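Please open the model in your viewer and keep the selection panel at hand.

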Amino acid sequence: MTFKGWILPLLLIAPQVLISAVFFFYPAGQAIWQSLFIPDPFGLSMQWVGLGNFEYLLGNKYYLASFWTTAVFSTLVTVTSMVPALFLAVIADRLIKGAGTYRTLLIWPYAVAPAVAGVLWLFMFNTRVGIVSWYLGLLGYDWNHVLDGTQAMGLVVVASSWGRISYNFLFFYAALQSVPKSVIEAAAIDGARFWRRFWTIVLPLLSPTTFFLLVVNIIYAFFETFGVIHTITGGGPQQATTILVYKVYADGFVGQDLGSSAAQSVILLVVVGLLTVLQFKFVEKRVHY
Amino acid sequence: MKSIVMGAVAMATTALVPLSAAAQTEIELWHAFSGRLAELVDAQVADFNASQSDYSVVATSKGNYSETLNAGIAAFRAGEQPDILMVFEVGTATMMAAKGATKPVFELMADAGVDFDPDAYIGAVKGYYTTTDGQMLSLPFNSSTPVLYVNRDAFTKAGLDPDMDLSTWQNVDAALSQLQDGGQDCGITTAWQSWVQLENLSAYHNVPFATQENGFAGFDTELAFNGPLQVKHIDMMGQWAKDGKFLYAGRRNEGGANFRAGDCALFTESSAGYAGVKAEAQFDFDIRALPYYADAEGAPQNTIIGGASLWVMAGQTDEEYVGVAQFLNYLSSPEVQAQWHQDTGYLPITTAAADLTREQGFYDENPGTDVAVVQMTMNAPTANSKGIRLGSFDQIRTVIDEELEAVWAGDKDAQAALDSAVSRGNELLRRFEQTAR
């Protein structure tokens, strides 16, 4: 069907355009504009610095190091939140009795806010009173994420991924339910065992969901994890868990350096934009719809 | 029953509010306290409101220190700023640089015609918030200074005399070795490492933390805490960390839990930590002055404060300012200050409040609570010991935390870590200088 005239089509897309303009284009434009200045926190004066904020950031080796930290962190969070989710979904899919209860329990953690999840994990791994660190101590493993960067990274990855597993589980579970039973039965009759059926039939059929979750989880790891970092490590020890988005928060809202913070959000926007383009260009080719 | 009482109270207040609101000028105070401290502030405010009928102060908590400062800044940008904003000491330079956003206290008091004597305030407290030409910009409110907490039982258990002299770091070093030999797992832990082990260390030994009188004389200041004294101290603590005598528990005051539970024998922490230690410690403890290096010339000088002050925001009516001036005057009165000092462990901000506390016999009943006062007031503050005023100070402290963690983990030696902290911090200072221009 085609529309006559242009008023109705314009009206139909107007809400979407309006929402994008108010909640995305306007703030993004503001961030780009602010990144060209060094403003004073109270908004009393602004110094035009052109690309000075970007030069300052990109010439700073500690800032560049947080790109690597972010890459490690996002990869780990994506893998840690997707693989167990898929595993749990496959098992839940095979359940006949009690599937509903099992499913509901698995979805619960998603309702916990990231900062609260951070506090929960922090308590379990607290170096003095944490139950997990106490058991690790009994096993002869010295847990001290306050000084050990690798352990700190592990802890923030687990805390960030935990709630996400529920979200991913939900999507995988729904996708598994829509895999045609006839295809699987045909393969079973041909003598393919469970894992062979999974690798050659189920996984390829899940690929649109997997791809969607990959994109969404990377964006999550990039943008929404600062609450966890803030409550657990504050970016430390040293700079072991200072990821880009945490630095945006810390420099802007703790350090009051709004120019640098704005420039960092622009850089982050570009990085995530590029990543998404790359994913659609290369990874999507392997997706079977 | 409870709901009936609540209902009656609600009815009574709704009946009263319109009557008083018509005549009263409302004064907003935003603070950063929660729990017991917020209750104490509320009590002070209620007292002030009851003492007169022209003004009504409304106190609101805005989260932690950083969040409160942010809320104040955001409100100012929207033209909705409170009359009084509590700002922690590291935010002082940010507030000072924001000319036009604040109304300096000395000006407020002169305009309002309220009797105000800056000399009534303790020098080292006042100095932090006063310009180099002696004008007070914000009213000191909650101020503390670091002291040494000693677990006497741990000393006895390790076979040491709990009354041994711990006035110097050399003695502490020797004591830590003996404690370790006596089977004590954690010798010492600290809170607020930058504030205690670098900022106060520098002031206490009369060496600069930064050039330009620690930033008081200009925004073109550069960090200077990589001198021989600071390197020697951090190096020694690094050695303690390596030997397992010093336990690093975190960037804030996480170490307090270790000390209060009796794990650690010594603890360097704010004098305001007293209430917590007293409430929780199941052992005999006492409070000593912060140790110093006996061989350092000019030591001990005096320690500097941490905490917050009250800034008066610009853009309010003259009528409100008169009320603000009266409220600030009330807060500084000896009775209010003495009570605050005794309730919290924060320093009395005026000499009169300290004297009153002594007269009331509080120091005799609570030995050690006057250590902080003595330590702050033992000498007239010098250019190196009246305080520190740096832009982006919160971020500079984070840089210092990161570099010190490298020393405690054994990744860097003290000199390299402090050099790196100085150069990274100087970059932040140059950026701040640009915003303040």
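Begin by selecting P334(B), Q337(B), A338(B), H341(B) and Q342(B) in α15(B), which meet A352(B), A353(B), L356(B) and T357(B) in α16(B); contact here requires C-beta atoms, placed from the backbone, to lie within 7 Å of each other. By class, this contact has five nonpolar, four polar and no charged residues. (Ala, Val, Leu, Ile, Met, Phe, Trp, Tyr, Cys and Pro count as nonpolar, Asp, Glu, Lys and Arg as charged, and the others, Gly among them, as polar.) The model is predicted: local features need pLDDT of at least 70 and side-chain atom pairs count only at pLDDT 80 or more, whereas totals for chains, interfaces and linings use all residues. Residues are numbered from 1 along each chain as its sequence is written, while chains are lettered from A and ligands numbered from 1 in the order in which they are written.

Now display the whole of both helices, residues 334-344 and 351-359 of chain B. They pack at an angle of about 65 degrees, with their axes 8 Å apart, and the crossing is right-handed. Axes are lines fitted to C-alpha atoms, for helices over the stretch in contact, and angles run from 0 to 180 degrees between N-to-C directions. A right-handed crossing has the near helix turned clockwise from the far one by less than a right angle, a left-handed one anticlockwise. Helices (H or I, at least four residues) and strands (E, at least two) are DSSP runs, numbered from the N terminus.

Next, select strand β11(B), residues 306-313. Are its residues buried or exposed? Eight of its eight residues are buried, where a buried residue has 20 or more other C-beta atoms within 10 Å of its own, an exposed one 12 or fewer, and a partly exposed one a count in between, with C-beta atoms placed from the backbone. One side carries G306(B), A308(B), L310(B) and V312(B), and the other carries G307(B), S309(B), W311(B) and M313(B).

Strand β3(B), residues 84-88, runs antiparallel to β11(B) with five bridges, and M86(B) is the bridge partner of L310(B). L310(B) is also the bridge partner of L139(B), in a strand, β5(B), that pairs with β11(B) in the antiparallel sense over five bridges. Strand β4(B) joins β11(B) by two bridges, also antiparallel; here K103(B) has V312(B) as its partner.

Then turn to the open sheet of five strands, ordered β8-β7-β9-β6-β10 in chain B, with mixed pairing. β8(B) and β10(B) stand at the edges with a single partner strand each, so one side of each lacks a neighbour in the sheet. β6(B) and β10(B) pair in the antiparallel sense over four bridges, including that between N151(B) and F285(B). Helix α8(B), residues 169-181, lies across β7(B) and β9(B), running at about 135 degrees to β7(B).

Finally, colour chain B by domain: domain 1 is 12-144 + 305-365 and domain 2 is 146-303 + 391-436, bounds that come from an automatic or database domain assignment. Their centres, taken over C-alpha atoms, are separated by 30 Å. The contact between them takes 13 residues from domain 1 and 17 residues from domain 2.

Notes. Contact = placed C-beta atoms within 7 Å. Pairing = 2+ DSSP bridges.
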